[in-house]
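Hi,

Here is the structure I promised to pass on.

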Amino acid sequence: MFTSIIADIEPILRLIWQDVLAHLLSPNKRLYWGYILSTLFLIMLVFTLDYRRTGQWNWRKAFGRDILLHSSSRLDSKIWFINLFIKAWVITPLLFSVAPIAIFVHNSLNNIFGVVTFTPPEDWVVLTSFTLFLFLLDDFTRFLLHWLMHKVPLLWRFHQVHHSAEVMTPLTVYRTHPLESFLYAARLLLVNAITIGIGVYLFKAKLSFYDIAGANVGVFLFNLLGSNLRHSHVWLSWGKQLENWLISPAQHQIHHSLAQEHWDKNYGTALAIWDRIWGTLVKGSEVKDELRFGINDKKINTLNDAYFGPFRRSNQKP
């Protein structure tokens, strides 16, 4: 009987092991070794500049025992590991739905608008257009779903799990309820399917995008330039002008701030233009006080609270 059980779960365990390795070896994961190295470089740069300004090394504020061994950080690690199992069972099968949806989009466009008759552009135009459209649609839908997670009371119950982190480390990005993870996975599926469907309809070509080691060039650069510091206590701002266009790690930390004036601000992932349009943009230069994180009057420091609490909680803003 025991052997039978092991045989049944072996494919799931294999998927989990592959996912663990992917976090270190795949540029599509935040914990890819290249991003870790770039993060370490940026940390050294930030603290060196801070030392020149203050004469003190303040690394303990970001990586001291009070941060790394905090109950909130320990819960981040537990949720990340448990969600690997849940992803293998529930979310991974979604990936096989991209092709049917892409075909549906392509056929629907054909039925509504007819067959495209113009001469396809050069390959580099197709490649550039596909890469840019995929990046923009991906980033906008991330922004939109994130906005909905805050504005729809039922969704906010589940998104609270992420915002309940009282201290932040790069693993805090994985502090998400499985339902939220499922919604973001479904969003990604639709983005890829719609982009492929439209691309094939317009260009009648085998589609690919500009990539670096298999990751969309936009995603690669975003992760290389400090995405792991978005969930940390390392203050890295891009400056007044650039933060009109790109969301810096500091701006995402503002999004997690306990201060009421920061609630429902900086929803964006990579681009700041969506927040500018929505009127929800706050720049790093506009924040003077040290930030505190978490949600008011609600501690989520147990797995029971993280996974089952959203089904019990009423709507409660930060």
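The lining of the second largest pocket splits into nine nonpolar, five polar and six charged residues (Ala, Val, Leu, Ile, Met, Phe, Trp, Tyr, Cys and Pro count as nonpolar, Asp, Glu, Lys and Arg as charged, the others, Gly among them, as polar). A pocket here is an open set of points on a 1 Å grid over the protein atoms alone, where a 1.4 Å probe fits, with protein on both sides within 12 Å along at least five of seven lines; lining residues have an atom within 4 Å of a point. Helix α2 gives the largest share of that lining, five residues (helices are DSSP runs of H or I, at least four residues, numbered from the N terminus).

This is a predicted model, so local features need pLDDT of at least 70 and side-chain atom pairs pLDDT 80 or more, while totals for chains, interfaces and linings use all residues. Numbering runs from 1 along each chain as its sequence is written, and side-chain values use heavy atoms, without hydrogens or water.

Asp-50 and Arg-53 are among the lining residues nearest the pocket centre. Their side chains form a salt bridge at 2.6 Å, N to O (a side-chain nitrogen of Lys or Arg within 4 Å of a carboxyl oxygen of Asp or Glu). Both sit in α2, three residues apart. Asp-50 is buried at 14% relative accessible area, whereas Arg-53 is exposed at 64% (buried is under 20%, exposed over 50%, partly exposed in between, with a 1.4 Å probe and protein chains only).

Asp-264 and Lys-151 also pair, at 3.3 Å.

Cheers

Key. Helix = DSSP H or I, 4+ residues; strand = E, 2+ residues; numbered from the N terminus.
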